[in-house]
Amino acid sequence: MSTSDISHSQAPAAAALPTISRPLVTMLAIACGVIVANIYYAQPLVALIGPAINLSPEASSLVVTLTQIGYGVGLVLLVPLGDLLENRRLVTATLCATVLALVAAAFAPTASVFLAASFLIGLTSVAVQMLVPLAAHMAPEAKRGEVVGTVMSGLLLGILLARPVSSLIADSFGWRAVFGLSAIAMVGFAVLLGRRLPERRPARHSGYGALLASLGRLLVRTPVLQRRTAYQTALFASFSLYWTAVPLLLASPPFNLTQRGIALFALSGAAGALVAPIAGRIADRGWTRPATGVALAMGALSFLVARVGEGSIALLVIAGLLLDMGVQTNMVLGQRAIYSLGAETRSRMNGVYMAVFFTGGAAGSALAGYAFARGGWEPVTWIGAAFPLAGLLFYATEFRKPRA
């Protein structure tokens, strides 16, 4: 660990981790973006991968689905280990497993090998959700939201840039190069993080079974976790629906965009990640409640803009930006809130939070294709608006007066 990356906290040495520095925050943001991109690289490449590994068109969606299932399983089974095992070793070991999975995908000769590798890519890419709580552990309380927001901005950039980047690489070098280059990047970050991260040994001593058994109790007994999870599930469902359906719209008349054109459109949404550090500062100032309402309203408004802008790329870009900013703002507000509930449960709460709203995202993606095939863009926008509007209705209950 480099002394240039951290400065020691003023808290007692027995209880404190080194305080995170700006260079280390930047490195973690970049690492999160590169790692989480593994989940999304294959989405625009399905038409190329399927024929190459003799996968039938009917089963081609498994390339994406198994990666998402693996990620969801990892959120539940691996991320909570951050409350049990030494964090630095956990992160580097998980990234080493990601390297093996990516290499298997890059050289997969058959569909069965590639699909197994896809599941493992998703499973091990949850290393990104081990890094975010670790950043929160190192952040001083007064700046925890800002630190989490900056790290999460890298994560959202990775999500938004993964599809256009993989499309451009595959267009020039073939789809296998996408997974090979990512494997090289994972090796680099495993080494870098192994050297730069501080050790963190949780105080918890219970076993793995008890750790997993506590996940459900945390959700049932923690109202803040329940609310933040519900709000983010609503927004992430609309986010996944929009970014799954809008390429279908852009590939159709009157736009008729090519794969490269759709990739360039997706790049425009990356600007939404810039709001994350701002959201963190807002949370640090105690403005989480009003900012949550704004974030949910932005999600609903984005689909009104998308409905009006069905024939306008400019309005579709604005809609995507509004949605991305709302989703990212609410995600940071939520993480800042649940990370304040206690260091000893931080990784498990993060795993529960992510797993539930990721399920909502999967539901949004599934609805997108069905809605667009059945009725075109209009039902997509109505369903997309319904999710954040439901979130706003639940948010309104925060203002009910308690019974005497």
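Visitor: Are α14 and α15 roughly parallel or roughly antiparallel to each other?
Guide: α14 and α15 are roughly antiparallel to each other. Angles under 35 degrees count as roughly parallel, over 145 as roughly antiparallel, 65 to 115 as roughly perpendicular, and the rest as oblique. This is a predicted model, in which local features need pLDDT of at least 70 and side-chain atom pairs count only at pLDDT 80 or more, while totals for chains, interfaces and linings use all residues. Residues are numbered from 1 along each chain as its sequence is written, and side-chain values use heavy atoms, with hydrogens and water left out.

Visitor: At what angle do they cross, then?
Guide: Helix α14 (residues 313-339) and helix α15 (residues 346-375) cross at roughly 150°, and their axes come within 10 Å. Axes are lines fitted to C-alpha atoms, for helices over the stretch in contact, and angles run from 0 to 180 degrees between N-to-C directions. Helices (H or I, at least four residues) and strands (E, at least two) are DSSP runs, numbered from the N terminus.

Visitor: Left-handed or right-handed crossing?
Guide: The crossing of α14 and α15 is right-handed. A crossing is left-handed if the near helix is turned anticlockwise from the far one by less than a right angle, and right-handed if clockwise.

Visitor: Which residues in α14 and α15 meet?
Guide: From α14 there are Asn330, Met331, Gly334, Gln335, Ile338 and Tyr339, and they meet Arg346, Met349, Asn350, Tyr353, Met354 and Phe357 in α15. Contact means heavy atoms within 4.5 Å. By class, the contact of α14 with α15 has seven nonpolar, four polar and one charged residues. Ala, Val, Leu, Ile, Met, Phe, Trp, Tyr, Cys and Pro count as nonpolar, Asp, Glu, Lys and Arg as charged, and the others, Gly among them, as polar.

Visitor: OK, another pair. At what angle do α7 and α8 pack?
Guide: The angle between α7 and α8 is about 120°, with their axes 7 Å apart. That makes α7 oblique to α8. In passing α8, α7 makes a right-handed crossing. Ser166, Ile169, Ala170 and Phe173 of α7 make the contact with Trp175, Ala177, Val178 and Leu181 of α8.

Visitor: And how do the residues of that contact divide?
Guide: For α7 with α8, seven are nonpolar, one is polar and none is charged.

Visitor: New topic. How many salt bridges are there in the whole structure?
Guide: A search of the whole structure finds 10. A salt bridge is a side-chain nitrogen of Lys or Arg within 4 Å of a carboxyl oxygen of Asp or Glu.

Visitor: Which residue does Glu199 pair with?
Guide: Glu199 forms a salt bridge with Arg88, and the closest N and O atoms are 3.3 Å apart. Glu199 lies in the loop between α8 (175-196) and α9 (208-221) and Arg88 in helix α4 (residues 87-106), so the pair ties together parts that are 111 residues apart in sequence.

Visitor: Is Arg88 buried or exposed?
Guide: Arg88 is buried, at a relative accessible area of 18%, and Glu199 is partly exposed at 37%. Buried means under 20% relative accessible area, exposed over 50%, and partly exposed in between (1.4 Å probe, protein chains only).

Visitor: What about Glu146 and Arg281?
Guide: Their side chains meet in a salt bridge of 3.7 Å, N to O. Glu146 is in helix α7 (residues 144-173) and Arg281 in helix α12 (residues 276-284), so this pair links distant parts of the chain, 135 residues apart. Glu146 counts as buried at 17% relative accessibility, and Arg281 as partly exposed at 39%.

Visitor: Which residues are linked in a network of salt bridges?
Guide: Glu141, Arg144, Asp284 and Arg336 are. Within that group, Arg144 and Glu141 meet at 2.4 Å, N to O. Arg144 is buried at 8% relative accessibility, and Glu141 is partly exposed at 43%.

Visitor: Where is Leu131?
Guide: Leu131 sits in helix α6 (residues 128-138) and is buried, with a relative accessible area of 0%. Beyond its neighbours within four places in sequence, Leu131 is in contact with Leu28, Ala31, Cys32, Ile35, Val91, Leu193 and Leu197.

Visitor: Last one, the backbone. Which residues does a cis peptide bond join?
Guide: Pro253 and Pro254, with omega about 5°. Pro254 is in the loop between α10 (223-250) and α11 (259-268). Asn256 is in the loop between α10 and α11, and has a positive phi of about 50° although it is not a glycine.
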